[in-house]
Amino acid sequence: MMLNGAEDEEKWLAEGIAGIQHNAFYMHRALDSNNLREALKYSAQMLSELRTSKLSPHKYYELYMRAFDELRMLEMFFKDESKHGVSVVDLYELVQHAGNILPRLYLLCTVGSVYIKSKEAPVKELLKDLVEMCRGVQHPIRGLFLRSYLAQISRDKLTDIGSDHEGDVDTVMDAVEFVLQNFSEMNKLWVRMQNQEPGRAREKRKKERSELQDLVGKNLHVLGQIERVDLDMYKETVLPRVLEQVVNCKDDLGQYYLMDCIIQVFPDEYHLQTLEALLGACPQLQPTVDIKTVLSRLMDRLSKYAASSTDVLHEFLQVEAFTKLSNTIEKVIEVQVDMPAVGAITLYVSLLMFTLRVHPDRLDYADQVLGACVKKLSNMPKLEDSLATKQVVALLRAPLEKYNDIVTALTLSNYPRVMDHLDNGTNKVMAMVIIESIMKNNTCISTADKVEVLFELIKGLIKDLDGAVDELDEEDFKDEQNSVAKLIHMLYNDEPEEMGKIICIVWKHTMAGGPKRLPFTVPSLVFSALRLVRRLQGQEGDIVGEVVPATPKKIFQLLSQIIEALSAVPSPELALRLYLHCAEAANDCDLEHVAYEFFTQTFVLYEEEIANSKAQLTAIHLIIGALQRMTVFGVENRDTLTHKATGYSARLLKKPDQCRAVYTCSHLFWVDDEDGIRDGERVLLCLKRALRIANAAQQMANVARGSSGPITLFVEILNKYLYFFEKGNQQITAAAIQDLIELINTEMQGDSANPGSDPDVFLASTLRYIQFQKQKGGIMGGKFESIEL
Amino acid sequence: MVLVLALGDLHIPHRAADLPPKFKSMLVPGKIQHIICTGNLCIKEVQDYLKTLCPDLHITRGEYDEETRYPETKTLTIGQFKLGLCHGHQVIPWGDLDSLAMLQRQLDVDILVTGHTHQFTAYKHEGGVVINPGSATGAYSSITYDVNPSFVLMDIDGLRVVVYVYELIDGEVKVDKIDFKKTTATTHSAH
């Protein structure tokens with residue numbers, strides 16, 4: 001009968017409770033006056049309230065509990081023969097005269113409880129009798145509660161049997177049999193509930209059934225608690241019977257609940273030893289059962305069990321747990337053709353987690369799981385479901401997190417294949433995860449092979465994948481590329497040969513990155529190569545053999561290629577800097593031609609590509625600074641390069657820049673080393689040229705703006721004069737310095753510039769310096785003596 | 001007592017992935033009042049990191065810096081001291097004390113901090129002190145071989161500054177210190 005409205009239900013419940021209380025009252029009176037007949041009459045009437053079909057399980061339970069409490073009083077009365085004078089055997093007979101079946105059975109069970117405890121009849125017979133008679137009630141809710149009552153009142157007896165290790169094993173079997181039968185019958189009733197009233201009541205039925213599930217599950221708990229149900233009995237009797245019931249009931253709610261119940265109730269040791277049977281049931285379950293959760297929980301429990309001791313681990317291998325689980329999962333996926341992608345992948349994730357926890361050293365197992373996933377993914381269209389994608393990412397993250405060492409994950413041959421099945425966006429996210437893992441753990445990737453695999457994995461970051469039209473946020477793109485740049489520093493091997501190979505492989509992959517990426521990745525690679533050059537310095541690497549060894553020359557050739565690609569982006573400023581670094585490195589390797597070639601490339605870039613004045617000035621500084629330090633050049637080459645450098649300096653756009661660059665060039669002609677060049681004349685030439693430019697700047701300023709120009713230039717030049725004067729350049733005399741000081745003073749006075757301005761302060765500190773040097777005494781003092789302030 | 005952190009030439013990500021972990025654990029926010037950075041960070045992420053250590057951050061431009069708008073030189077006054085900051089690739093010959101002294105006179109500072117050579121140095125001379133904090137990451141340099149990661153912490157107290165240099169040598173952090181005292185009424189008359 002359909003229940004209409006909670007209000008009605010409340011009313012009926014209230015009526016039912018009232019009925020129970022009413023009859024209980026009279027029953028109590030009868031008990032007090034030891035009137036068996038009356039007691040039976042009123043208790044039967046009371047129990048009739050439980051015949052209702054109007055209540056939901058939740059409400060029925062309330063009613064049931066009222067009756068249950070009252071029946072306890074009745075039971076106590078039954079137990080005390082002195083009160084009613086009837087033997088329990090006769091009682092058992094007497095109560096069967098109750099009119100309706102439900103009250104009759106409740107009373108029978110109650111007497112039965114007393115009967116069992118009295119030991120006057122074989123327990124087996126009694127239990128069998130009761131469990132079969134309950135068949136008389138086929139209404140699901142009424143039947144479930146009735147059988148639950150039976151289970152309840154027999155529980156003590158079963159515990160006794162279960163813990164009596166002296167007793168007959170047959171007795172134990174009888175007890176087990178009883179519980180199994182009660183369980184089977186209860187399950188059938190429970191399943192039947194779903195099939196009643198199809199249609200709109202379906203969801204409601206499902207909810208109601210969930211409320212009753214523990215009544216059914218209780219039986220399994222009882223089985224779990226019977227001590228003498230050992231592994232053998234479980235294996236031979238209990239599990240097969242339970243599984244039979246589970247599979248045959250063909251009810252998804254029931255199957256899910258019961259499978260989970262089995263896993264939670266019985267010890268992990270049993271599960272391990274009955275793995276085949278337990279797993280064998282899985283493919284036979286209804287397709288709508290959430291088998292992945294069931295299996296996940298099983299694997300989770302087993303993982304924890306494995307962690308408990310090393311002996312246990314041995315068992316896992318012995319029973320071939322991994323293989324069985326793996327096969328079951330394959331079968332389940334095969335059988336449940338409508339299982340969505342996310343379901344299958346989640347199963348693989350659970351299996352992989354299990355494998356990593358239980359068999360961390362078995363990389364082949366892990367690879368196998370990945371392989372199975374690849375196979376599944378290959379048979380599906382490209383993943384679009386974000387949940388499924390998330391699971392694939394979880395699958396890929398698991399080995400990284402477990403091994404903490406990307407290198408191990410790199411050996412899993414199926415790892416890159418799984419990654420291939422991700423969409424481009426997720427692929428890149430995963431690549432970043434991999435790089436993060438390496439950086440966080442400070443992992444060093446030290447062989448060319450592993451670098452190759454790694455770069456295959458992160459190819460989504462290194463280049464544009466097919467069909468990828470990335471509208472990537474600029475910031476994100478920069479972050480990605482900077483990560484790759486940092487990664488390059490983690491690729492290292494002490495052995496120069498191997499390191500050389502690594503560099504080649506990195507270039508092979510990154511050169512395909514295109515103009516967007518090269519400015520980020522090339523510098524890292526170049527410096528990595530320069531570090532290698534430094535290590536090889538001085539080694540004469542012309543060994544005759546099959547493998548041509550890494551030599552500085554070869555590396556410089558590669559570097560030339562790499563930087564050329566960069567400059568073509570176009571990225572001339574960066575390329576110029578890198579060429580200079582290579583020139584300096586070539587200098588240190590005593591390779592004059594190579595160094596000269598790099599300078600040539602530098603100058604070509606300067607002339608053709610660097611147009612911005614500020615950029616030019618910086619470039620000039622870098623060129624002069626590097627050239628100044630070169631020791632490898634012969635006179636001719638050096639002259640050519642210095643001539644070029646000074647030429648560029650003199651042709652800078654702004655006069656002040658020109659002036660500064662030119663006086664800086666003076667250092668090209670004076671190196672403070674033992675074999676260094678010391679061309680006093682050319683130094684002076686530079687300084688004089690700078691002075692002329694400063695003068696010109698001064699005049700231009702007067703004309704153009706009516707103000708004075710950059711007087712500070714003169715002070716700078718003065719300081720340079722002092723520098724070379726101190727170093728012992730004969731061409732620079734005290735008189736010249738004197739003149740310059742006077743010139744500056746004149747300019748300052750003529751200038752309406754305020755005191756305390758920069759040139760003023762600079763001059764003051766310079767003069768202070770001269771004073772300080774004069775006071776030094778000795779040679780230095782002598783030199784400075786003739787300068788009058 | 002005012003703590004000033006001086007560091008530079010990190011060259012992240014071109015020549016190094018990150019600061020050494022031992023340095024990172026020492027550099028804790030809230031302990032330092034000023035940071036002066038010679039340049040060549042090179043990317044914004046490094047600037048952001050330094051900002052978390054101390055909001056008063058001063059940076060000059062290195063030739064590899066992504067941000068091209070950092071100034072070529074910078075001066076600031078902390079307590080009784082005037083400090084000057086410059087990357088140093090502009091001062092040739094690179095690392096030459098006399099040329100650096102010229103810059104010091106030009107900027108009119110007591111303490112000049114420059115980088116570029118990746119080699120820690122601290123010179124005392126007439127005009128004051130010239131300090132190079134080296135490379136905080138131990139980055140490759142064409143000028144210096146075997147660069148050890150290093151940075152400098154200055155403790156400015158009245159007319160005295162103690163310069164602590166932290167160097168990572170063979171995996172251990174070694175500390176050294178140098179004392180400087182400024183003589184009063186020497187320079188910097190604002191006339």
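1. In this predicted model, A:Lys478 and B:Glu66 are joined by a salt bridge in which the closest N and O atoms are 3.6 Å apart. In total, three salt bridges are counted between chain A and chain B, and the count of residue pairs in polar contact between these two chains, with both residues at pLDDT 80 or more, is 22.

2. Sorted by class, the side of chain A that touches chain B holds 18 nonpolar, 16 polar and 15 charged residues.

3. As for the extent of the interface, 49 residues of chain A are in contact with 35 residues of chain B, and the area buried between the two chains is about 3900 Å², of which carbon and sulfur atoms give 56%.

4. A separate point concerns A:Met748, which lies in helix α37 of chain A, a helix that covers residues 734-750. A:Met748 counts as buried because its relative accessibility is 16%, where the cut-off for buried is under 20%.

5. Which residues does A:Met748 contact, leaving aside its neighbours within four places in sequence? They are A:Ile711, A:Val715, A:Pro759, A:Asp760 and A:Leu763. For A:Ile711, which is 37 residues away from A:Met748 along the chain, the C-alpha atoms of the pair are separated by 7.5 Å.

Technical notes
Residues are numbered from 1 along each chain as its sequence is written. Chains are lettered from A and ligands numbered from 1 in the order in which they are written. This is a predicted model: local features need pLDDT of at least 70, side-chain atom pairs count only at pLDDT 80 or more; totals for chains, interfaces and linings use all residues. Side-chain values use heavy atoms; hydrogens and water are left out. Helices (H or I, at least four residues) and strands (E, at least two) are DSSP runs, numbered from the N terminus. Buried means under 20% relative accessible area, exposed over 50%, partly exposed in between (1.4 Å probe, protein chains only). Contact means heavy atoms within 4.5 Å. Buried area is the accessible area (1.4 Å probe) that two parts lose on being put together, summed over both. A salt bridge is a side-chain nitrogen of Lys or Arg within 4 Å of a carboxyl oxygen of Asp or Glu. A polar contact is a pair of N or O atoms within 3.5 Å; within protein, one must be able to donate a hydrogen and the other to accept it, and residues adjacent in sequence count only if both atoms are side-chain atoms. Ala, Val, Leu, Ile, Met, Phe, Trp, Tyr, Cys and Pro count as nonpolar, Asp, Glu, Lys and Arg as charged, and the others, Gly among them, as polar.
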